Amino acid sequence: MNVKKRPGTLALGLAAAAALLLAVSGCSSAGASAGGASGYSQPESSRLLNATGFFGKMGEGAHPVAVSLSATKTGARVSCSDGSAIDISLGGNIRLRWAAARERVPLSYAISGEPAYDGLRSASSGDAAIALSRLGKLSLRKEPAPVTLAGSRFTVVLDAAGSRIELREGAAVVLAVDLERSRSLSGMRLLAVEPGKTTGFYGFGEKAGALDKKGMRLRMWNTDAYGYRTGSDPLYVSIPFFYAPRADRTLGLFLDNPGNTFFDLDSAGDGLVRIGSQTGALDLYLMSGADPAAVLAEYSGMTGRYPLPPEWGLGYQQSRYSYYPQDRVLEIAQTLRDKKLPTDVIYLDIDYMERYKCFTIDPNKFPDPAEMTRQLHEMGFHVVSMIDPGIKTEFETGYPVYVGGLKEGVFTRGKDGQNAYGNVWPGQCVFPDFFQPRVRAWWGPLYRDLLDAGIDGFWNDMNEPSVFNTATKTLSIDAVHREADGNRRTHLEVHNAYGSEMVRASYEGLQKLIGEKRVFLLTRAGFAGFQRYAAKWTGDNTSNWEHLGLNIPMALGLSISGVPMVGADVGGYAKTPEPELFARWMQAGALFPLYRNHCEKGPYDQEPWSFGPEVEEISRRALELRYRMLPLWNQLMREHWASGMPPVRPVWFTYPSESRSWSCPENEFMIGDAVLAVPVTEKGAASVKISFPSGSGWIDLATARRYAGGTDVDYPVDKWSIPLFMRDTAILPWWTPARQSVEGGHSDRVELKLPVARGDRLEGVSASVELLWDDGETTAYRSSGFSRWTVRLSGGELDIVPVGAVGPAPKLVVITDAAGMELARLGDGLGSGPVHLSLKDAR
Ligand code: MIG
């Protein structure tokens, strides 16, 4: 049957339809009390469901019964007799969308590129545009049961009873939807899916617990979570994306719904994952790949990649709530330099503002900000300052952001049509409706004055948004956001995307203002896809050992959820660390892309010198290691842009077929695919357990000693130890001399560290890397890509061969062994010709 001409329809048994009619009538009466007129008299906090409330209500819901299957332009539609429909679009991946049959498809805040409404979306990310849905011919078969609809790689099979939908790739069932265990109730939906036998459930962005979420119930609702602990949920960011790895393949699921959503990861032990939303459609994208990396490549192609930060963003960052006045900022900077503690960034937290008014600088605390930033720049620092979403409602003084914003009508309105208010630091505030393109266009240029004062980068905080004086601690859930396509959605429906749209407004505005330079922007909140605009820190952690350990799987969870530029407040935000904890945190923090020391107000300082000379020296060594690694961090950010792979990742991400890697300690992870990091996270530790992946040996970067792959080792540590190992088939971009900041350094020189351990015969070592390079400061890579060379060592011969056209290139290349001993150097750097070096006599 040619479905384009005549959609095939299968009517199911009467019994099934009748059962559903009953369920529908039960459901609509329940709906009247929950969502009807009487609902609005309930306090907002009771209408905003937590996980217990949601799963409890779903116990009363009715299950949908499929009554027909028909072909659509892009796949198939399963119509249910409660008036809902499950649309399945087949292509490079599968999109399964369960909504009311006639519901419009709203804009996506996660998927990059222009969304198309027919279910065929194309995402453009970086230099590659990725077509997500490449449809083959569809054919519909209904005799005999089961019914089969086939297109592209996938097949949809609906059973004769209308209670189970199978999504198959070849003969294998990728995922089955259990309609009998799915539920709907007055606009809320819960879909029960069978992911097959998995090794666990991974991803979900920022979650406070182990990497594997099996058995947990999670919620997505961006929340200011000061004082969070292991198990606190939800937190600041919502990324409803996860991996269900199986022996043969890895399944990836992404729920594109920025409202209040829920996941139950087989807490009942019945093999089902339950995915729910309080509002809007259950819009699921299913990805299936050979391994987790293949799934992430697809997910990050859909939702976009993190653009390269300016190089200084990869250096050490010193922050505090808050450094002021001006002289204090200069004093901190001078002390960092005097004490030779390499640093690139110093932060201005909210107190630099005049009475917390965004885009102002308090003239009492900062009498000459331009002079201050001039001096900081001269010392090799960059300055990052905070901007919050709450705008102080100060009319009397003519505060231009408020008065101008009022005139332009840019603030979010309540359901009564008046501006929606909430108290934050400045007192009563209004909140820009960043969902509107014209509001984003209004917001961007506001940064001009701060840039003119010499501020280099920005930090968007409190953008869940966090509000002090409402029961829900955020904007009214009935507030109305107007969207780019002219539609409106309530805050309840799009809450999680508020932070994303704020950083989008900031990023796009800043990029316009600074031209060719790269934007540095840090955010606390966001929805899937916010990585297109901002880096992310793990919020208000606490200075205790639990948090030092916890922040590692949290950062890795973000990292494998498409957010590569991650880190935690080094030393802990709340409370004060003991010296040993602070020292260990400086060491561990050096091993994450975002390396920032930050802490709350209080009587105790947290700069590296605040804990005595020994901790200061431990900190200095950690910082020096960080600055030696900078060429590697640059390389890994470039690899991320090119492939979607994150700089830090769990061991199983690189070694999925090795069962040991799924159970290794959570303080063990990979930096790229060639460095194994095992920072010390336990008080008084005399050793750390290390599980070396098999397939190669591992060279200790501190001692240049080799460890065999596939072994478990109790590795002795002392207070100086930062256990770090290189794969003995890899070559690392590195740099040996320590420096005080990135200024004038890393973008023009590199060390190529060969995996030649102590006592190794160089001729016996084979290793390679593809070196990526760019100018280190502009956005030219977005259009011109990177310079690339394949570097290969074999039999004592080193070959460096350009791949494609060569643009910016290192001007000095030093070849060293694992201990850092120089073997050769290319004083003219690299160019567009191949280089051959015989290293046989070099040692
Ligand atoms: O209500 O700007 O998470 O890093 O220092 C607290 C002050 C507001 C919360 C951030 C924290 C920052 C603090 N902010």
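The legends below describe close-up views of a predicted model.

**View 1. Polar atoms facing the ligand.** Pairs of N or O atoms within 3.5 Å count as polar contacts. The side chain of D461 places an N or O atom 2.7 Å from a ligand nitrogen. A polar side-chain atom of W425 is 2.9 Å from a ligand oxygen, and for Y573 an N or O atom of the side chain lies 3.3 Å from an oxygen atom of the ligand. The protein buries 95% of the 350 Å² that the ligand exposes when taken alone (Shrake-Rupley accessible areas, 1.4 Å probe).

**View 2. Helix α6 and its surroundings.** In α6 (residues 369-378), P369, M372, T373 and L376 are buried, that is, under 20% relative accessible area with a 1.4 Å probe and protein chains only. These residues line one face of the helix, because they fall within an arc of 90° seen down its axis. They pack against α5 (326-338), β22 (345-348) and β23 (382-387), with contact taken as heavy atoms within 4.5 Å. Helices (H or I, at least four residues) and strands (E, at least two) are DSSP runs, numbered from the N terminus. G380, which follows α6, has a positive phi, near 85°.

**Notes.** Residues are numbered from 1 along each chain as its sequence is written, and side-chain values use heavy atoms, leaving out hydrogens and water. Local features need pLDDT of at least 70 and side-chain atom pairs count only at pLDDT 80 or more, whereas totals for chains, interfaces and linings use all residues.

Terms used
Polar contact = N/O pair within 3.5 Å; in protein donor to acceptor, adjacent residues only side chain to side chain. Buried < 20%, exposed > 50% of the residue type's maximum accessible area, 1.4 Å probe, protein only. Arc of directions from axis to C-beta.
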